[in-house]
Amino acid sequence: MNLGATIRINKFGVGIIMATVVMVIMMYRYGHSSSLTRKSSMVSLKNLLSAAIDSAQRGGKIVYDIRETADLHVKSKGKTKEGANDPVTDGDIKSHLTMFYSLKKIFPEVEIISEELDSSNLESSSVPPAAQYNYEVNSVITDDIIVPVKDVKVWIDPLDATQEYTENLREYVTTMVCVALKGHAVIGVIHKPFINFTAWGWAGKGISPKLHVSGTQGGPKDDIPQIIVSRSHAGDVKDKVKAAFGDKTEVIPAGGAGYKSLAVIEGDVDAYIHVTMIKKWDICAGNAILNAVNGNMTTLDGLPIDYSSREEYTNEGGVLATLYNYKYYLPKLQNLRSKSLH
């Protein structure tokens, strides 16, 4: 009788113990998972910068290799508003595949916006994740900023200056990654694959040691501004520039927004002006690097460009980018725009 009672008590006790263990395991599992979710909802901007550099360089290697084969499989997306052909090549698509997924695999919660929007039919299993360590970044930037994932948007252009790429005008071609924080361009990477040069900047933190930033802070050379403009999407920019700054203004056509932004930063030109619609993945990286070197990139009305929305991926307000003398250029362009509206 007593033995049976003891056995019943032991079975009951074992059941309680097992139930308790299960509850502890479940609480630990869900609590731990919740903790991981909270942690993974934050992102290191330093790691993201390092990964962006690796991504842009890997995309650039693909762009280079495909151009060397001379078999680009050029297709057309249609016509731009200016009536120019808008081509896409194997270089664009395969660079996008590598850049997009190398970042997505390491930062799965971060929203990534690419020029080549459709990724659903691309095979990504062979793409390794981007490296989160970069010696150059660590040598320049010793601390970090951790931010909520919800505040971050990454804009990538897997091949800027596609038209020039098809014409074998290699100097204009870049691959670019930009990190926007609450809509502001804060980290930019512009890689020139055909000379293997990478420029990067993090606003408020530092820039790549190899990036030559012009030290010339005076006005336009000989009072004649040198303005760089689009080669293939020019619109009537040449006429507008000369109307704003005078007939002697030197207007320099060039391909690629990344190329033109670096031309401003390195002092090859005084300003970069664009008067028609432009996609934000074309300008975000240049905007971020200009922010990092205390330059300016705004609309022609002097408004900051907002990079917070995938849906609003076009900038309709034009572009004014300068390293110095922003206040010299902006009023002249605003005055011209004001006259054109009346």
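**Notebook: charged pairs and aromatic rings**

I began with Lys205, which is partly exposed at a relative accessible area of 26%. I note at once that the model is predicted.

**Entry on Lys205.** I looked up the partners of this residue. Lys205 and Asp143 form a salt bridge, with their closest N and O atoms 2.6 Å apart. This pair links distant parts of the chain: Asp143 sits in the loop between α4 (135-140) and β5 (146-148), Lys205 in the loop between β9 (197-202) and β10 (206-207), and 62 residues separate them. Asp143 has a relative accessible area of 38% and is partly exposed. I also found Lys205 over the face of Trp202, 5.9 Å from the ring centre.

**Entry on other salt bridges.** I recorded a count of 10 salt bridges. One of them joins the side chains of Glu111 and Arg310, at 2.8 Å from N to O. Glu111 belongs to strand β4 (residues 111-114) and Arg310 to the loop between β15 and β16, so this bridge ties together parts that are 199 residues apart in sequence. I then checked accessibility: Glu111 is partly exposed at 25%, and Arg310 is partly exposed at 30%.

I next examined Asp236 and Lys240, whose side chains meet in a salt bridge of 3.6 Å, N to O. Asp236 is partly exposed, with a relative accessible area of 37%; for Lys240 the value is 33%, and this residue is partly exposed.

**Entry on aromatic rings.** My search of the whole structure gave 10 aromatic pairs. Among them, Phe100 and Tyr101 are edge-to-face, with 5.0 Å between centres and 80° between planes.

I then turned to Trp155 and Tyr307, an edge-to-face pair with 6.2 Å from centre to centre and 75° between the planes. Trp155 lies in strand β6 (residues 152-160) and Tyr307 in the loop between β15 (296-298) and β16 (314-315); the pair links distant parts of the chain, 152 residues apart. I noted that Trp155 and Tyr307 are buried. Together with Trp281 and Tyr313, they form one aromatic cluster.

**Last entry.** I looked up Arg67, which lies over the face of Tyr165, 5.9 Å from the ring centre.

Terms used. Residues are numbered from 1 along each chain as its sequence is written. This is a predicted model: local features need pLDDT of at least 70, side-chain atom pairs count only at pLDDT 80 or more; totals for chains, interfaces and linings use all residues. Side-chain values use heavy atoms; hydrogens and water are left out. Rings of Phe, Tyr and Trp (its six-membered ring) pair if their centres lie within 6.5 Å; planes under 30 degrees apart count as stacked, over 60 as edge-to-face and the rest as tilted. Helices (H or I, at least four residues) and strands (E, at least two) are DSSP runs, numbered from the N terminus. Buried means under 20% relative accessible area, exposed over 50%, partly exposed in between (1.4 Å probe, protein chains only). A charge sits over a ring if NZ of Lys or CZ of Arg is within 6 Å of the ring centre and within 35 degrees of the ring normal. A salt bridge is a side-chain nitrogen of Lys or Arg within 4 Å of a carboxyl oxygen of Asp or Glu.
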